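Please consult the sequence and the coordinates while reading.

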Amino acid sequence: MITERASGVQLHITSLPDGGLGASARAFVDWLAAAGQSVWQVLPVSVPDVHGSPYKSPSAFAVSPALLEHPDAPVSADELAHFADRESYWVGSWTAFGGDLADQVRFAREWAALRAYAVERGVRMMGDVPIYVAPDGADVRAWPHLFRSDAVAGCPPDAYAATGQLWGNPLYRWDVMADEGFRWWVERLRRTFELFDFVRLDHFRGFAGYWAIPADAETAMSGHWEPGPGRALFDAARSELGDLPMLAEDLGDIDAPVVELRQALGLPGMAVLQFGFTPWDPHNIHHPSRLRPDQVVYTGTHDNDTVRGWWAQQPEEVRDMVRGACWDRGVRAHVDDEPSWAFIELALTMPGELTMMQAQDVLGLGSEARMNTPGIEGGWGWRMEPGALTDAHAERLRSLTDAAGRAR
């Protein structure tokens with residue numbers, strides 16, 4: 001996926017000052033280049049649900065027209081016909097659901113222009129593939145035989161939610177998908193790699209084993225583990241698509257089969273520095289001293305609080321652990337004064353090829369800038385102020401990135 005030391009910033013398109021593929025998107029690419037960053041990670045560009053979450057989309061293939069810079073731009077009949085032919089597997093599912101094909105053509109046009117703009121400046125686009133789709137969405141209606149009705153998706157208790165998470169997404173009938181050569185997933189990944197240079201594969205552990213919750217359950221606690229499709233799905237995709245440049249989101253309740261599947265596929269995993277400081281767990285795999293070259297290191301993700309918000313809630317024994325790690329790695333930022341910059345600097349020194357940080361952490365923002373809190377409705381609405389990322393931010397980040405051998 002990444003073969004040289006690099007770093008980047010996570011910022012969803014809706015969090016840009018104009019909330020879409022407009023001038024602020026190009027300005028952010030310029031800022032990334034000035035800051036020595038080579039990766040821009042976005043959240044899924046799919047149509048969000050009523051709460052604004054792109055992880056419960058009514059289509060695994062269609063993109064959100066709300067992101068368009070020019071939503072009224074003309075689209076020719078030839079463009080529509082060409083797009084419909086190229087994307088023939090799924091366009092019928094979207095138009096039958098009431099989606100506008102012209103908007104998909106407009107997005108393809110604008111996205112291609114933004115990607116070209118980024119490539120010219122040495123910036124690659126990293127996407128995000130949610131493992132599940134929304135109930136009663138376009139996919140479930142078009143391919144009902146591929147989805148279960150007796151159980152729904154979620155996860156058991158973990159670092160994000162003490163009582164687990166009841167997502168409510170329909171689960172896949174993996175046996176039926178296997179009989180069809182995993183065609184739906186192959187086409188989904190084909191569509192994904194039309195849009196992005198590489199992607200984060202959400203909830204990777206669900207491909208090894210997933211948490212199945214009875215459809216009428218009120219909490220995730222009554223779920224149980226069932227086996228996922230394993231590498232057969234990825235082998236089917238690779239046989240048609242070639243290399244799959246992906247990052248496995250392997251956070252949460254991870255067991256040996258998940259690790260074995262990721263390693264067998266040759267995919268990097270994830271580490272989140274906010275998870276690494278637990279005085280009660282001397283074997284914490286997210287602690288900086290235990291991170292490995294085959295991990296992408298994050299200061300935090302869209303599901304975490306900002307570093308500053310996290311730091312404000314920590315007891316002194318946790319803070320002492322952070323101070324010790326920063327001292328051991330020669331971090332120059334004073335963590336008590338600038339916890340987010342201390343975490344950025346710490347993450348950049350890690351052994352993995354890629355380090356990612358949230359834009360909110362570059363800005364040093366608190367909990368008011370948190371993107372999402374798992375298990376709680378709302379969120380997804382944070383937007384960066386115009387001009388918030390300055391030349392001074394870029395210069396400081398480039399200096400740290402240079403020192404870590406990650407500048408593009």
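**Overall dimensions and the largest pocket**

Tutor: This is a predicted model. With 408 residues, a compact globule would have a radius of gyration near 22 Å.

Student: What box do the C-alpha atoms fill along the principal axes?

Tutor: The extent is taken along the principal axes, using the C-alpha atoms of the protein chain. These atoms fill a box of roughly 55 × 50 × 40 Å.

Student: How many helices and strands does the protein chain have?

Tutor: Both kinds of element occur in the protein chain. The count is 15 helices and 12 strands.

Student: Which strand gives the largest share of the lining of the largest pocket?

Tutor: The largest pocket holds about 910 Å³ of space and is lined by 37 residues. Tyr 55, Gln 165, Trp 167, Asn 372 and Gly 375 lie nearest its centre. The largest share of the lining, four residues, comes from residues 165–172, that is, strand 5.

Student: How many residues of the lining of the largest pocket are charged?

Tutor: By class, the lining of the largest pocket includes 15 nonpolar and 12 polar residues. The charged residues in this lining number 10.

Notes:
Residues numbered from 1 in each chain as written. Predicted model: local features only at pLDDT ≥ 70, side-chain atom pairs only at ≥ 80, totals over all residues. Heavy atoms only, no water. 1 Å grid on protein atoms, 1.4 Å probe; cavity = no way out; pocket = protein on both sides within 12 Å on 5 of 7 lines; lining within 4 Å. Points joined across faces, edges and corners; volume = space filled by probe spheres on them. Helix = DSSP H or I, 4+ residues; strand = E, 2+ residues; numbered from the N terminus. Nonpolar A, V, L, I, M, F, W, Y, C, P; charged D, E, K, R; others polar. Rg over C-alpha atoms; globule rule 2.2 N^0.38 Å.
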